[in-house]
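Welcome! Please take a moment to look over the sequence and the model below, and then read on for a short tour.

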Amino acid sequence: MIRLVAAQRLLVPAAMMCLAAASAVMAQTIDGRRSGFDFMSRDSQQLQRDDTANPGMLAVLDGEGLWNAKAGRANRSCADCHQDASTSMKGVAARYPAFSAALNRPIDLQGRINACRETQQQATPLPWESKELLALSAYVGNQSRGMPIAPPDDARLAPFRQRGEALYTRRVGQLNFSCANCHDDNAGGKLASAVIPQAHPTGYPIYRLEWQGIGSLQRRLRGCFIGVRAEPYAYGAQEYVELELFLMSRAKGMTIETPAVRP
Amino acid sequence: MLLAMTAADADELRAFKVTGDAIVEPLGGARGDVARGRAIVVDRQKGLCLLCHTGPFPDQRFQGTLAPTLAGAGARWTEGQLRLRLVDSAKLNPATIMPSYYRTEGLTRVGAAWQNKPVLTAQEVEDVVAFLATLKDPQ
């Protein structure tokens, strides 16, 4: 059932906890909107704040390696074309999903990275939720850490965002819940041991203690569908991009935390 | 995420009659069993009640905060009223988040493992009703 509830949470080694807070990520509260960060225990917050302890930073480091590695028939690395990610990728994650003229539909950041792999590097696209795709997403996402979410002002996105909103408010599953039933009407309440957050996608990909690993927003959303006994959409489905468009517009102005830690 | 299959049968649901805000007649099967009802209520994969409700269950950790306490439910409501609240709370309050435990119609995108199955069987509903009816103390 609603196994949104972590039966067993990873215990954070004490040694990790004594390292001082280093990174810029702080609690963020804007006009009543609160990041999932604010709903976490102090221990988890501390884990996220400290780059030397945050397990998501391992994915960022892996991503940096992949960024500089040549790949595909073109035998080119991301860096060959985009040079220094701290300049070229700064702010990119804050404005995805974006409209792809080539595909005539919006794509999320993972889709954009895979598009470059296919067309620019002439390599096979990385599988959804693969270590490599998560690592590259974490690395690119991390370049926007601390920046405000800034959805593009692009009229072509509007109908897709509206579909995302309709998905957000539609009841689904044997337990018959909409996202809004939990994340708008009952945010801050407790579903057994889990505090219901407001569902702001500020930190993806995240390191989730329940997964003991890094995962995408799509994986997180699949968990919420499965929790209410609804059939989740397949990875890569357009519905996830539409939901993300809506969630990002709802979170406009909130700060990117990638890689966030979540329970 | 682990999905525990419920024992709910995929058979046709039994017919029932709503009178006012109650289903007066039992859904059928054997008389509700209080002990089995309690076990269902505290089971997080089956009854799911404590994900949302609190109740007089000192042995249960992590009770939810999304719904009123179940303590005293048997004093506040008749068995018939409790039965309708379990079978299909949405009939009384369309905006409720309490799942309809004995209903398969009007749902969207139900997961493959759960299709055409109610959350609880008719017998399980009766067990839970029998247990709730014993909760007379409002503390």
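Buried area is the accessible area, probed at 1.4 Å, that two parts lose on being put together, summed over both. With that in mind, keep in view that this is a predicted model.

**Where the chains meet**

Chain B and chain A bury about 2,600 Å² between them. Of this area, 59% is on carbon and sulfur atoms. On the side of chain B that touches chain A, the residues divide into 20 nonpolar, eight polar and four charged. In terms of contacts, 32 residues of chain B meet 30 residues of chain A. How many salt bridges are counted between chain B and chain A? The count is zero. Polar contacts are there, however: the rule finds 11 residue pairs across the interface of chain B and chain A, with both residues at pLDDT 80 or more.

**A sheet in chain A**

Now turn to chain A, where three strands form an open sheet in the order β8-β7-β9, with mixed pairing. Which strands are at the edges? They are β8 (213-215) and β9 (261-262) of chain A, and each pairs on one side only. Strand β7 of chain A covers residues 206-208, and its pairing with β8(A) is antiparallel, over three bridges. Within this part of the sheet, A:R208 stands opposite A:G213 in β8(A).

The bond from A:Y96 to A:P97 is cis, with omega near -5°. You will find A:P97 in the loop between α5 (85-88) and β3 (98-100) of chain A. Another cis peptide bond joins A:Y204 and A:P205, with omega about -5°. Here A:P205 lies in the loop between β6 (194-195) and β7 of chain A, the β7 that pairs with β8(A).

The table sets them out.

| Residue | Phi | Loop in chain B | Relative accessibility |
|---|---|---|---|
| B:R109 | about 55° | between α4 (79-88) and α5 (122-132) | 29% |

Are these residues buried, exposed or in between?

Key:
Residues are numbered from 1 along each chain as its sequence is written. Chains are lettered from A and ligands numbered from 1 in the order in which they are written. This is a predicted model: local features need pLDDT of at least 70, side-chain atom pairs count only at pLDDT 80 or more; totals for chains, interfaces and linings use all residues. Side-chain values use heavy atoms; hydrogens and water are left out. Contact means heavy atoms within 4.5 Å. A salt bridge is a side-chain nitrogen of Lys or Arg within 4 Å of a carboxyl oxygen of Asp or Glu. A polar contact is a pair of N or O atoms within 3.5 Å; within protein, one must be able to donate a hydrogen and the other to accept it, and residues adjacent in sequence count only if both atoms are side-chain atoms. Ala, Val, Leu, Ile, Met, Phe, Trp, Tyr, Cys and Pro count as nonpolar, Asp, Glu, Lys and Arg as charged, and the others, Gly among them, as polar. Two strands pair if DSSP finds at least two bridges between them. Helices (H or I, at least four residues) and strands (E, at least two) are DSSP runs, numbered from the N terminus. Buried means under 20% relative accessible area, exposed over 50%, partly exposed in between (1.4 Å probe, protein chains only).
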